[in-house]
Amino acid sequence: MRRPIRAAAGLATATVMSLVASGCMTVHGELAVLPGAKKSEAAQALADFTEAYNKADKAYDPALDAGRVTGALGAINQAGLKARAVTNPEGNAQHQPLELTDAKYLIPKKAGWPRWFVADTDSNRDKDDGPGDNRWVLIFVRGGADQLWEVAYLAILSPDEIPEFKTDKDGYVVPAPADSGSPAVAPGEVGGEYVSYLKDGKPEHFARGPHTDQWRGSREKNAKLPGLTIQYSDQRLDDGEFAPLALATKDGGAFVFFAIKYFERQTAAAGYTPKVSADVKALLTGRVENTLTKEWVSSQAALLAPDGADADQIKVLSRLQGVIGAEGS
């Protein structure tokens with residue numbers, strides 16, 4: 001039985017929830033259902049993001065791409081650059097410019113703002129054949145005509161993990177509403193169910209893999225390290241700039257991008273102190289005496305089976321995570 005979708009608030013407004021709403025929603029009084037972007041506009045947004053990303057990565061300066069990232073990717077990117085600016089104040093001596101080519105733009109129609117589209121690209125960070133081949137899939141969001149296109153989600157997927165998407169009569173991809181009954185699980189419920197699953201393994205309709213049962217197993221193993229107790233606390237993160245984004249797939253399911261936040265609390269035995277890496281230390285507040293709490297943001301891409309599927313209703317295909325804060329006590 002599906003749990004009711006709670007209203008989005010804070011990080012909810014009707015404007016924010018339109019990110020996963022159907023094309024018939026009216027936002028800011030705009031009635032016309034239009035493509036989220038022209039292909040030329042999408043291509044320029046990808047070029048602008050790549051340029052800003054490279055400048056920020058080379059200088060380790062979060063300000064240089066702050067206007068081109070948001071949501072889960074923004075939180076991870078900005079915290080990572082902030083930490084490296086402390087550990088490497090002279091910049092990134094090993095910087096290699098990111099190149100994103102062979103772009104395929106998946107553009108849904110919708111009314112009003114915000115608008116969004118997907119860029120399925122080939123990066124220069126992989127091998128172009130064999131098991132090392134992958135695609136960088138970026139989700140661009142724009143909150144208004146006077147705002148920049150920003151990347152909210154990034155998933156790195158093998159080519160065969162990217163499904164066939166449902167399209168309308170004009171060839172545009174179709175967004176999947178948060179409360180859609182077509183997939184076995186509504187896109188708006190996935191974040192909450194993932195949090196529940198990580199806690200106690202339920203609901204059980206998550207497919208096995210590195211981001212589900214194997215991650216739970218790794219956590220259980222880490223919790224029993226000699227001299228150190230590790231506790232995890234997971235929270236759904238699906239409001240505002242962290243709202244999930246979903247596209248309908250050709251088979252009646254959906255492909256959803258969503259985020260969660262979790263805290264990792266390390267408590268050392270008497271006479272010991274948790275180890276703090278240089279990157280975490282750069283984000284640390286307080287003094288680590290016997291406890292270190294790391295705050296993480298984790299971004300996932302998942303394939304939702306069509307309604308009626310009995311097992312493996314949710315396949316989590318990608319997970320990108322990073323520490324965004326830390327506290328000692």
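User: What makes β11 count as mostly covered?

Analyst: Of the 14 residues in β11, 12 are buried. Buried means under 20% relative accessible area, with over 50% called exposed and anything in between partly exposed (1.4 Å probe, protein chains only). This is a predicted model, in which local features need pLDDT of at least 70 and side-chain atom pairs count only at pLDDT 80 or more, while totals for chains, interfaces and linings use all residues. Residues are numbered from 1 along each chain as its sequence is written, and side-chain values use heavy atoms, leaving out hydrogens and water.

User: Why are β11 and β9 called paired?

Analyst: Two strands pair if DSSP finds at least two bridges between them. β9 and β11 have 14 bridges, in the antiparallel sense, so they meet that rule. One example is Glu264, whose bridge partner in β11 is Lys294. β11 also runs antiparallel to β12, joined to that strand by 13 bridges; there, Leu304 has Ile314 of β12 as its bridge partner.

User: Why is α4 described as largely enclosed?

Analyst: Eight of the 11 residues of α4 (residues 190-200) are buried, so the rest of the structure largely encloses this helix. The buried ones include Val190, Glu193, Tyr194 and Leu198. Among the elements covering them are α5, β7, β9, β11 and β12. Gly201, which follows α4, has a positive phi near 80 degrees.

User: What makes a space a pocket or a cavity?

Analyst: On a 1 Å grid over the protein atoms alone, a cavity is a set of points where a 1.4 Å probe fits but cannot get out; a pocket is an open set with protein on both sides within 12 Å along at least five of seven lines, and lining residues have an atom within 4 Å of a point. Grid points are joined across faces, edges and corners, and a volume is the space filled by probe spheres set on the points. The largest pocket comes to about 530 Å³. Of its 25 lining residues, Tyr53, Ile76, Asn77, Gly80 and Arg84 lie nearest its centre. Helix α3 gives the largest share of that lining, eight residues.

User: What lines the second largest cavity?

Analyst: Its lining includes Leu106, Asp120, Phe165 and Phe257. β4 and β9 are the elements giving two or more residues to this lining. By class there are nine nonpolar, no polar and one charged residue. The space in this cavity is about 50 Å³.

Key: Helices (H or I, at least four residues) and strands (E, at least two) are DSSP runs, numbered from the N terminus. Ala, Val, Leu, Ile, Met, Phe, Trp, Tyr, Cys and Pro count as nonpolar, Asp, Glu, Lys and Arg as charged, and the others, Gly among them, as polar. Contact means heavy atoms within 4.5 Å.
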